[in-house]
Amino acid sequence: MEKRLLRLFLRLSNVFLRRKDRISVALAGGKTPMEFYKLLSNQNLPWEKLSFFLTDERFVPLDSDKSNYKNIKENLGEKAKLYPVDTSLPIDRACLEYSELLPESLDVALLGVGEDGHTASLFPKVDCKKITEKVCISSAPDGTKRVSLSYEYLNLSCVVIFALKGPTKIQAYQKLLRGDDIPASKVKGRKKTFVIFEP
């Protein structure tokens, strides 16, 4: 899956960089994409032209092992300009400040899908309190506060890529393909949506 994801990402970044000077990419946390980030870190890319954002973040210190920022940064490397959510601030203010960092829209949003169908930190039957049009606050099933990109903002992305891996994700994958009522089914790219799955 990681190599397929890498080929797709490289193809898309080449297409976007032929049309514009910079591209903006949102990256998922969780375990699934970390190997892809390691592969990506070894590529000869015009890193100065790539801006990376988080699709969501646990509201924990940035040096916590639960921090998406920390885990992505460790795998993607120092060359990548990855914007963190400042979790040292009160959560509403952190959302406002992150929202100001985000571009008008994303070129690519890479998203995972949980077994329950959640994507970013948009969980089934859990309200995501809108702070801005781009960012909202939700709670994970374990009670952790989460900062998430909103449905509205994710749906402005030119391309959305869903990456799912492992046998426990088969049902979520099937629900996504059928368009069942799960959070992931409510997110689509303006131009294209890809689903990459490896059982």
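**Notes on the cysteines and the core**

1. Let me start with C158, which is buried at a relative accessible area of 9%. Here buried means under 20% relative accessible area, exposed over 50%, and partly exposed in between, with a 1.4 Å probe and protein chains only.

2. A word on the model before going further. It is predicted, so local features need pLDDT of at least 70 and side-chain atom pairs count only at pLDDT 80 or more, while totals for chains, interfaces and linings use all residues. Residues are numbered from 1 along each chain as its sequence is written, and side-chain values use heavy atoms, with hydrogens and water left out.

3. The count of disulfides (pairs of cysteine sulfur atoms within 2.5 Å) comes to 1. C128 and C136 form this link, with an S to S distance of 2.1 Å. The link of C128 and C136 is right-handed, with 90° about the S-S bond. C128 is buried at 15% relative accessibility, and C136 is buried at 4%.

4. C95 itself is buried, at 0% relative accessibility.

5. Now for the nonpolar core, defined as a set of buried Ala, Val, Leu, Ile, Met, Phe, Trp, Tyr and Cys residues joined through side-chain atoms within 4.5 Å. The largest one has 66 residues, and Y37, F52, L76, I161 and F162 have the most contacts inside it.

6. F52 deserves a look in your viewer. Setting aside neighbours within four places in sequence, F52 is in contact (heavy atoms within 4.5 Å) with F9, V25, L27, W47, L76, A80, K81, L82 and Y83.
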